[in-house]
Amino acid sequence: MPRVLIADPLDANGIEILTKAGLEVDNRPGLKGDDLKSALRAADAVIARSQTKITAELLEEPGKLRAIARAGVGVDTIDVPAATRKGIVVMNTPGGNTVSAAEHTIALMMSLARRVPAADAVMKKGGWDRNKFVGTEVTGKTLGVIGLGRIGREVAKRAIGLEMKVVGYDPFVTPEKAAELGIKGVTSVEAMLPLVDFLTIHVPLTNETKSLLGAAELAKMKKTARVLNVARGGIIDEQALADALAAGTIAGAGIDVFSVEPTTADNPLLKAPNIVLTPHLGASTVEAQENVALEAAHLIADFLNKGIVANAVNMAAVDRKELDELRQYVDLARRLGLLHAQMCRGQIKKVTLTYKGDLAGRKTKLLTSAFTAGLLESRLAPGVNLVNAEVFARERGIEIVAVASPKKDDFASLMQADVETDEKTYTAAGTLFGNQYLRLVRLGHFRLEAYLDGVLFIFSHFDRPGLIGFVGTTFGKHGVNIAAMNLGRQTPGGEAIGVLNLDGLPPQEAVDAAAAHEHIASVSVVKLPPEGEMPAWLR
Ligand SMILES: NC(=O)c1ccc[n+]([C@@H]2O[C@H](COP(=O)([O-])OP(=O)(O)OC[C@H]3O[C@@H](n4cnc5c(N)ncnc54)[C@H](O)[C@@H]3O)[C@@H](O)[C@H]2O)c1
Ligand SMILES: O=C(O)CC[C@@H](O)C(=O)O
């Protein structure tokens, strides 16, 4: 029974989905250090919220772990490159907490504008001061939104409802699209800074967005402006913000997220004036927690039970229907990769995969990954799969190019793989006969129809009478049975290729004896999985 570790508190409905899906649930939120490490190794999948940081160190020996689901949006709490290298798929649940995060942003804005938390604290200490807490209206004020994705747009929609003017910046949203949303698009953060009364940030934490708002940026804002961060700690430089608040060059801040969580006593924002703080509560509503828990549980159950990959941040999505339709082609792609790995001589530089005919319109990213996994799996330690194959190829300096060519030639669908090494370019192409039988239909410039399973003896030769008989007799002498034979040639008497499907691996003496024939130019023995045998990642 596959096991799922629940690393952070998860809504009970999510746990129920996992149990009903026949999965064993290891519900131990809050594990740390070695306990977390061993729980991760013993699990097939893990569901985490933002408290648990899944680091490269935790994934060093991943054991059985195959999937990580983030019950939330930001995957900055997971070392995605490390997970990818280990072949672990990382999925998230965007959308489930969008409304909650947007509403929390508005809550912080209104709290700041009307100084609600400060007044509340004074009253609870017995005070009654009606002059100290004079606020500001938001109506007619300008809100700047950095990041016009799901949450940024929901915040903008609510701000428009509050009769605010909204300006927005997002490099992936055109000014026309922004205008459709009632937002005035600007072309840079700098252009927005002097205009706004409130500024809110809704971008992921990346190398590019780290310290997006530092001392220089804060200095460009109005002294009366207030800033909000319900995205990620570190996007606003905390020391620079604390200094600006203390100097009064910024009027206030509402902050939900911090560079170190839980915050430590030395966080400068804890002592800053005019600031409203919440401990990463953007997604903490009954509704959001139920949404993300259900979504994460479904993602994991579908992945472990059916091989469906959805919302993955490190591989192409694969739905059930696509997987069923493409499974044979994925198998074909991997086998072509395995074939090339065993035939190619020299250092592999570049792979060009051409998807022809009907295949051109399909989800070929999956096939590209499968080919690459096949190409690398015999050369690397076990663990190469659809998730990490292309990363490994890139790291080895192998360029992978995929080309779609809808024009049909001899076959309705064809996958051709050209592998360029420092010695020559090797070509092989395959297709499915009757939509299920895998066939090798091109090798170099020869056409053939060979099986793509078991042991293949491939020999390029000159088409001469008696040569095929010689090869058959040679293998016969060594007790090797030939199950099938396929020949391709261009002209009678010219260059030709032979592919024999053997019932077992031929002894080296038989191979050497065949290779010694004066009209045989080269030989390769290729071992492929038996027909229908697929790796775990494809079953
Ligand atoms: N506080 C919380 O509890 C909480 C809850 C949910 C999400 N979040 C955070 O909010 C972030 C945004 O979530 P979302 O669902 O809106 O994500 P999203 O992917 O829908 O939107 C992010 C937007 O940021 C834009 N962007 C990226 N880099 C940018 C840059 N340098 N400048 C301007 N725009 C840039 C992208 O184009 C995208 O449109 C998440 O990454 C997550 O870290 C926090
Ligand atoms: O786990 C949480 O509650 C926070 C989630 C939030 O930060 C997110 O990125 O979705």
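## Ala-247, an exposed residue

Ala-247 counts as exposed in this predicted model, because 11 C-beta neighbours lie inside 10 Å and a residue with 12 or fewer is classed that way. Ala-247 belongs to helix H10, which covers residues 238-247.

Sequence separation and distance in space can both be given for a pair of residues. Ala-247 and Phe-433 are 186 residues apart in sequence, and their C-alpha atoms are 75 Å apart in space.

## Leu-218, a buried residue

Leu-218 sits in helix H9, made of residues 215-219. Leu-218 is buried because 23 other C-beta atoms lie within 10 Å, where 20 or more are needed for that label.

Which residues does Leu-218 touch, leaving aside those up to four places away in sequence? The contacts are Leu-213, Ala-240, Leu-241, Ala-244, Thr-249 and Ile-250. Helix H10 spans residues 238-247, and Ala-240, Leu-241 and Ala-244 from the contact list fall in that range.

## The surroundings of ligand 1

Ligand 1 is surrounded by 31 residues. The closest of these are Gly-74, Gly-147, Gly-149, Pro-204 and Gly-282. By type, the shell holds 15 nonpolar, 11 polar and 5 charged residues.

Two helices, H4 (98-114) and H6 (150-161), supply at least two residues each to this shell. The largest share comes from H6, with 3 residues.

## The chain as a whole

The chain contains 16 helices and 22 strands. Of its 539 residues, 42% are buried. Leu-218 is one of the buried residues, whereas Ala-247 is exposed.

The C-alpha atoms fill a box of roughly 110 × 45 × 35 Å along the principal axes. The radius of gyration is 30 Å, while a compact globule of 539 residues would have a value near 24 Å.

Taking contacts between residues at least 6 apart in sequence, 66% join residues at least 24 apart.

Key:
Residues numbered from 1 in each chain as written. Chains lettered and ligands numbered in written order. Predicted model: local features only at pLDDT ≥ 70, side-chain atom pairs only at ≥ 80, totals over all residues. Helix = DSSP H or I, 4+ residues; strand = E, 2+ residues; numbered from the N terminus. Rg over C-alpha atoms; globule rule 2.2 N^0.38 Å. Contact = placed C-beta atoms within 7 Å. Near = placed C-beta within 6 Å. Nonpolar A, V, L, I, M, F, W, Y, C, P; charged D, E, K, R; others polar.
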